[in-house]
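Please open the model in your viewer and keep the sequence panel beside it, so that each selection can be followed along the chain. The stops below move from a single residue to the sheet and then to the loops.

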Amino acid sequence: MQNIEQSQEKSASISLGDRRVKRLGYGAMQLAGPGVFGPPRDHAAALAVLREAVAAGVDHIDTSDFYGPHVVNKLIREALSPYPRDLVIVTKVGAVRGEDGSWNPAQEPDQLRSAVEDNLRNLGLDRLEVVNLRIHPDDQARGGHSIAKSFRSLATMQREGLIRHLGVSNATAAQVREARDIAPIVCVQNEYNLARRNDDTLIDSLAADGIAYVPFFPLGGFSPLQSESLSAVAARLGATPMQVALAWLLQRAPNILLIPGTSSVAHLRENLGAAKLVLPRDAVTELDMIGAARP
């Protein structure tokens with residue numbers, strides 16, 4: 001675990017390739033319009049959230065050019081460019097949006113190159129710090145598939161200097177191994193939270209190799225976490241349930257890197273407050289049972 005900073009402080013930094021970032025970052029998906037499609041309801045408010053995040057010390061922002069599409073990356077550029085030296089922007093490719101807002105696979109080499117070019121242009125960058133290959137949920141629902149062709153395409157663009165580091169998103173353990181056989185990866189971004197614990201074994205194996213694990217939907221996503229145990233622990237600790245859920249993730253493993261999203265400055269501040277919350281052992285045991293109780 002040489003690449004992971006060992007610290008009693010849950011908000012300590014973690015390696016993301018050759019960069020170090022704080023373990024509590026920001027996910028920009030919710031800055032787009034309803035359904036992550038179209039412009040935000042309040043353009044100025046979206047810019048304010050991004051600027052507040054950086055002002056509060058966030059140095060890792062997760063995005064994609066298919067958020068909007070093109071909307072969120074342009075907001076990031078408008079709000080933050082020229083970018084702070086320590087800011088790491090992580091993006092993902094592998095999908096395109098239909099005119100109806102649908103999420104459609106775009107995994108062919110020419111599609112991936114176009115996506116990388118779109119991210120570079122709309123973010124105003126010469127090179128992308130980290131690019132995750134996002135595997136489409138429909139492919140996973142059919143039992144998963146080889147990602148070798150797609151990942152080799154990204155590895156080619158990495159050698160060309162368009163991308164610094166690579167990762168995978170919504171990937172099975174077998175697909176993670178397949179990607180690592182092609183090129184080094186610095187992160188895996190999968191769905192994981194208090195109630196959804198399918199990646200427990202994967203998280204621990206990645207921690208042993210110093211690879212960051214980035215849970216998406218850390219608070220339940222489109223179906224927010226709801227649990228009597230979560231609410232009870234939060235009440236005892238004088239925190240909100242969402243702060244407790246994030247604190248549990250930070251204590252779950254030292255390689256977990258969080259990107260909770262919001263379009264509200266107040267909610268952003270609430271999320272960032274989770275870094276200061278220390279869960280006692282009995283609370284962790286109680287919270288662990290939420291995922292264990294699921295079939």
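Does V36 count as buried or exposed? Select V36 in this predicted model: its relative accessibility is 6%, and because the cut-off for buried is under 20%, V36 counts as buried. The residue sits in the loop between β3 and α1 (43-55), and its phi is near 55°, a positive value in a residue other than glycine.

Next, select the strands of the open sheet, where 7 strands follow the order β3-β4-β5-β8-β9-β10-β11 with parallel pairing. At its edges are β3 (26-27) and β11 (212-216), each of which pairs on one side only. Zoom in on β3, which 2 bridges join to the parallel strand β4 (residues 60-62); Y26 has I61 in β4 as its bridge partner.

A cis peptide bond, with omega of about -10°, joins G68 and P69. H70 lies in the loop between β4 and α2 as well, and its phi is near 70°, again a positive value in a residue other than glycine. With 30% relative accessibility, H70 counts as partly exposed.

Finally, select P82 in the loop between α2 and β5, and look at the bond between S81 and P82, which is a cis peptide bond with omega of about 0°.

Definitions and conventions: Residues are numbered from 1 along each chain as its sequence is written. This is a predicted model: local features need pLDDT of at least 70, side-chain atom pairs count only at pLDDT 80 or more; totals for chains, interfaces and linings use all residues. Side-chain values use heavy atoms; hydrogens and water are left out. Two strands pair if DSSP finds at least two bridges between them. Helices (H or I, at least four residues) and strands (E, at least two) are DSSP runs, numbered from the N terminus. Buried means under 20% relative accessible area, exposed over 50%, partly exposed in between (1.4 Å probe, protein chains only).
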